[in-house]
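Let's work through some exercises together, one step at a time. Keep the structure open beside you as you read.

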4 protein chains.
Amino acid sequence: MDNVREMLENSPGAIPVDADLVAKCVEACFDCEQSCVACADACVGEKNQNELVACIRLDLACADLCAATGRIISRELAGDPGMAPNALRACAEACRICAEECERHAPHMDHCRICAEACRRCEEACQSLLSALG
Amino acid sequence: MDNVREMLENSPGAIPVDADLVAKCVEACFDCEQSCVACADACVGEKNQNELVACIRLDLACADLCAATGRIISRELAGDPGMAPNALRACAEACRICAEECERHAPHMDHCRICAEACRRCEEACQSLLSALG
Amino acid sequence: MDNVREMLENSPGAIPVDADLVAKCVEACFDCEQSCVACADACVGEKNQNELVACIRLDLACADLCAATGRIISRELAGDPGMAPNALRACAEACRICAEECERHAPHMDHCRICAEACRRCEEACQSLLSALG
Amino acid sequence: MDNVREMLENSPGAIPVDADLVAKCVEACFDCEQSCVACADACVGEKNQNELVACIRLDLACADLCAATGRIISRELAGDPGMAPNALRACAEACRICAEECERHAPHMDHCRICAEACRRCEEACQSLLSALG
């Protein structure tokens with residue numbers, strides 16, 4: 001996602017924090033959404049699908065919150081009365097919950113391992129941006 | 001949205017709380033998403049658009065979190081390790097923030113008044129379901 | 001979704017077709033999105049989940065296109081250079097494809113029957129609005 | 001989005017076309033969604049917002065169809081009864097419509113130029129995948 005940083009720098013509003021933190025978090029959110037959608041679909045296609053019911057549900061929920069958060073922090077953050085921190089807190093928590101489930105399956109399913117890593121990166125990026133926003 | 005309750009009752013999982021609370025909250029989330037999308041669009045079309053910049057942004061952010069939450073609580077709640085409460089908290093807070101902005105414009109713009117009402121109903125429905133989930 | 005019609009009538013733009021057709025289609029899109037999300041989740045929770053893989057995937061795809069279309073037609077239609085018809089065609093086709101799959105399971109699974117009905121209503125509402133937009 | 005290709009290769013299903021075409025198109029969809037959300041927000045913050053009303057609306061519509069399509073083609077394509085081509089056609093058309101509007105503003109607004117480029121890349125990626133799917 002090469003455009004994120006460039007869009008940020010060419011938008012009329014001020015960026016109230018380090019632009020790299022914002023760009024990294026936007027990218028992590030969309031990346032995690034995509035990984036979660038793909039992991040849920042891969043789980044649905046596995047033969048032991050019955051053991052992956054919780055994983056499918058948490059993947060889909062995490063994808064939904066990452067999608068919302070990726071969009072919200074793509075908009076101007078200066079002057080925000082609290083919407084971005086609110087979304088970031090929920091997204092970080094969703095990523096933590098989903099990562100914990102995917103990590104249980106990671107040793108024997110690579111899509112869960114890759115997805116868990118994307119969740120952990122997104123959790124961390126949300127926490128970093130949250131701290132910076134104060 | 002007549003189907004919400006019927007889908008709930010015909011799904012294989014147990015419903016851990018009063019099904020009416022779940023159905024009402026699902027409906028309130030999708031309703032609020034639609035009102036926020038329409039209100040943002042109406043604001044964009046107003047002549048005093050420049051005074052509505054914050055309203056447009058908060059409408060779009062609220063729509064995104066309502067969309068995510070409406071989907072998340074449409075899935076099985078029994079056995080959920082915390083995803084639904086996490087989404088409901090963020091959604092209630094998003095609705096509160098958006099309602100406060102829309103209420104400022106409500107006296108002279110009906111789309112903001114209608115949207116503020118949808119936000120307050122959704123905030124309340126999220127809080128009620130959150131309390132019931134414990 | 002009582003607000004759809006009221007929001008339409010209180011937006012600054014002209015409505016280029018019968019407002020009832022628009023409101024009905026917006027409602028059908030969000031309704032079908034919700035039914036598809038819930039049906040996919042119910043299928044995931046069924047014991048014969050392995051026979052429902054295609055149904056889960058088509059439900060999720062249909063939900064995604066209904067969500068996009070419900071938002072797109074919630075915005076001003078006057079002056080649209082073709083975005084709404086483009087979305088409506090894709091949504092009607094998604095609903096038809098999903099309905100055909102759900103109808104196969106409808107005789108023995110009520111969530112698929114309810115979902116198929118929501119898909120058919122949405123397909124029809126999209127076709128009606130498409131015809132009216134010309 | 002480094003994970004797209006790796007998720008594809010570690011999913012249980014067969015990939016019916018060149019995996020690079022799929023990965024490139026998934027990335028282009030999420031990239032275009034993000035650019036459109038950010039461009040709409042930048043337009044809302046511009047002083048000549050009144051001249052950008054169509055651009056804001058088309059950006060938001062294009063973002064919605066890119067989001068849906070990015071998710072749909074992140075799922076297994078083998079055995080798909082037509083959902084992916086249906087979404088890809090609508091997405092390519094949405095990107096074309098949005099690009100044409102953004103290109104009008106591109107000479108004097110960099111966010112519109114960057115967004116138009118993302119739309120054209122996504123249009124092309126959707127057309128390429130569509131051709132490959134046959």
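**Exercise 1.** Find out how the side chains of D:Arg5 and D:Glu9 meet, and how exposed each residue is.

*Step 1.* The two side chains form a salt bridge, with N and O 2.7 Å apart. A salt bridge here is a side-chain nitrogen of Lys or Arg within 4 Å of a carboxyl oxygen of Asp or Glu.

*Step 2.* Because D:Arg5 and D:Glu9 sit 4 residues apart in helix H1 of chain D, about one helical turn separates them. Helices (H or I, at least four residues) and strands (E, at least two) are DSSP runs, numbered from the N terminus.

*Step 3.* D:Arg5 has a relative accessible area of 30%, so it is partly exposed. D:Glu9, with 46%, is partly exposed too. The cut-offs are: buried under 20% relative accessible area, exposed over 50%, partly exposed in between (1.4 Å probe, protein chains only).

A word on the source: this is a predicted model, in which local features need pLDDT of at least 70, side-chain atom pairs count only at pLDDT 80 or more, and totals for chains, interfaces and linings use all residues. Residues are numbered from 1 along each chain as its sequence is written, chains are lettered from A and ligands numbered from 1 in the order in which they are written, and side-chain values use heavy atoms, leaving out hydrogens and water.

**Exercise 2.** Trace the salt bridges of A:Arg96 in chain A.

*Step 1.* A:Arg96 meets A:Glu93 in a salt bridge, 3.0 Å from N to O. These residues are 3 apart in helix H4 (residues 83-105) of chain A, so about one helical turn lies between them.

*Step 2.* A:Arg96 also forms a salt bridge with A:Glu100, where the closest N and O atoms are 2.9 Å apart. That pair is 4 residues apart in helix H4 of chain A, again about one turn.

*Step 3.* A:Arg96 is partly exposed at 27% relative accessibility, and A:Glu100 is partly exposed at 40%.

**Exercise 3.** Describe the contact between chain D and chain A.

*Step 1.* Each chain brings 36 residues to the contact (heavy atoms within 4.5 Å).

*Step 2.* About 3,200 Å² is buried between them, 56% of it on carbon and sulfur atoms. Buried area is the accessible area (1.4 Å probe) that two parts lose on being put together, summed over both. On the chain D side, D:Met7, D:Gln34 and D:Arg71 lose the most area to chain A, together 22% of what that side buries.

*Step 3.* There are 6 salt bridges between chain D and chain A. One of them joins A:Glu33 to D:Arg71 at 2.8 Å, N to O.
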